[in-house]
Amino acid sequence: TNIDYQIEYADLLWQLASISGFSRTGYESVINACDEQIPYHQTTSPDDPSWLPLRRYRGLSYARIKLNGLDLSEEDREQTEADLLAVLEADPTDYEVLETIVAMKQIDAAKASELGRRTEAERIDEESAALVDSFLETNGDDSIGGVQANILRTQIEFRQAASALVAEFGPAATPKIEALTAEYQETTADLAAQIAALDPAEVDRDAVLRVYNLESLTDTSRTYASVLPIVTRARQARPNDPLLALTHAEILRARGDFDETFEVLESVIDRPRLPLGLESIMLIQAKSSAIVSQVQTAVEAHTKAETDADKAQWLTRAKDSRAALAQIVAETSPAIQLLDARIAVAENDFVTAQRLVTAYNQFTNDTDTEALWLAARVAQQLGQSGNTRSALERILVLDPTMAAANVALAEVEYNLGRLEAARARLLQAQNSNPDDPYVRERLALIEQRLGNREAA
């Protein structure tokens, strides 16, 4: 039918937008395709659920734009929430829609809280909790959707509990947050065990990422002992899923297992070509992403290597992977510019690195948080506190929960002698990442300096 073709077309555009890295234009193409059809269906068959997937793709596309730190008009925000709530009402098993609605509400609650509108923030949090509770009532705790909903609820509850401790006790909250983190580590392990007990065929890349994100929040050791066996089993069940392999590599890299990371990425790069179609496009994109990740991994390994020989080896591997990408994309492409900036940093050529990363950020309109983080690091090395601050503040516009950006801004303030401002930034970082021992150490140092200054 015409509706089937319309949905297939919207799905194709959605898949292309999702696998190509964030692009507002890509998601707006989905929105435009849906907008061409939805008014007709609303007029001729408003109660027919068969065209609701069009509202789903439109709502998710608008949400991706908002969740990547870009503005929506008030009308578009209202339309997005209306679309997604309508879809969730029609299909209460749709976890992706639930998670998206809650993520948008969390942004709204955080903004209300920052502006001192506590009542509004609490109301929004209650709405989120009610949606999660309703989802669990419908789907149960032991389904794949139910376990993921409990993961979502755990993340929200942990952040709220940590924020309440910071608000009440300030820097003195550290031992209480340590106790809270230990408690939630047990909860994380329990939820991961529930995922692991499910049929591996049910555990897709998104489910793995949700366990990984929760463990990133609660695991101070950063060993990822809970998610690693889950992603290993999931890959055995989905051996041809290149995006799942990339997620496996990301987890290994976070553990510092750089050689294993390279092996997994190489397995993606070495996969044979597929017949032309969506899967072949996804594989081509995954191959490019794998090469980029190899360079990032090699540069990180170079930074952490203890001997000159190991540093030289990792730098060579970074350059080899960069050369491999240049066989796929143009030498002048933004992707190559960013890799060259990373390699220049490894070679301590910060002037070249700044030129390259600045050009890349201009191309992307300052929407890539990793590139902005690189720009901040380079500016710091060059003693440019203003440029450092600008890049970090832009990151926090795009991702208010990025603790590392607040920690880096705290260092800028500390070096300028603004101890109170540095403490405020560290408290914000502790809100986002309560178990970070470095944040606790810096807070203790600043408290000591403030105490000494007041005593003088």
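User: What do the residue numbers refer to, and which parts of the model count?

Analyst: Residues are numbered from 1 along each chain as its sequence is written, and side-chain values use heavy atoms, with hydrogens and water left out. Because the model is predicted, local features need pLDDT of at least 70 and side-chain atom pairs count only at pLDDT 80 or more, while totals for chains, interfaces and linings use all residues.

User: Why is α1 called roughly parallel to α13?

Analyst: Helix α1 (residues 2–19) and helix α13 (residues 278–304) pack at an angle of about 10 degrees, with axes 10 Å apart. Angles under 35 degrees count as roughly parallel, and therefore α1 is roughly parallel to α13.

User: What makes the contact between α1 and α13?

Analyst: Leu12, Gln15, Leu16 and Ile19 of α1 meet Leu278, Ile281, Met282 and Gln285 of α13, where contact means heavy atoms within 4.5 Å. By class, six of these residues are nonpolar, two are polar and none is charged.

User: What lines the largest cavity?

Analyst: Its lining is made up of Ile195, Ala196, Leu198, Pro200, Val203, Ile230, Arg233 and Ala234, and lining residues have an atom within 4 Å of a point of the cavity, which is a set of points on a 1 Å grid where a 1.4 Å probe fits but cannot get out. The space in the largest cavity is about 40 Å³. Helix α10 (227–237) gives the most to this lining, with three residues.

Methods. Axes fitted to C-alpha atoms, helices over the stretch in contact; angles between N-to-C directions. Helix = DSSP H or I, 4+ residues; strand = E, 2+ residues; numbered from the N terminus. Parallel < 35°, antiparallel > 145°, perpendicular 65-115°, else oblique. Nonpolar A, V, L, I, M, F, W, Y, C, P; charged D, E, K, R; others polar. 1 Å grid on protein atoms, 1.4 Å probe; cavity = no way out; pocket = protein on both sides within 12 Å on 5 of 7 lines; lining within 4 Å. Points joined across faces, edges and corners; volume = space filled by probe spheres on them.
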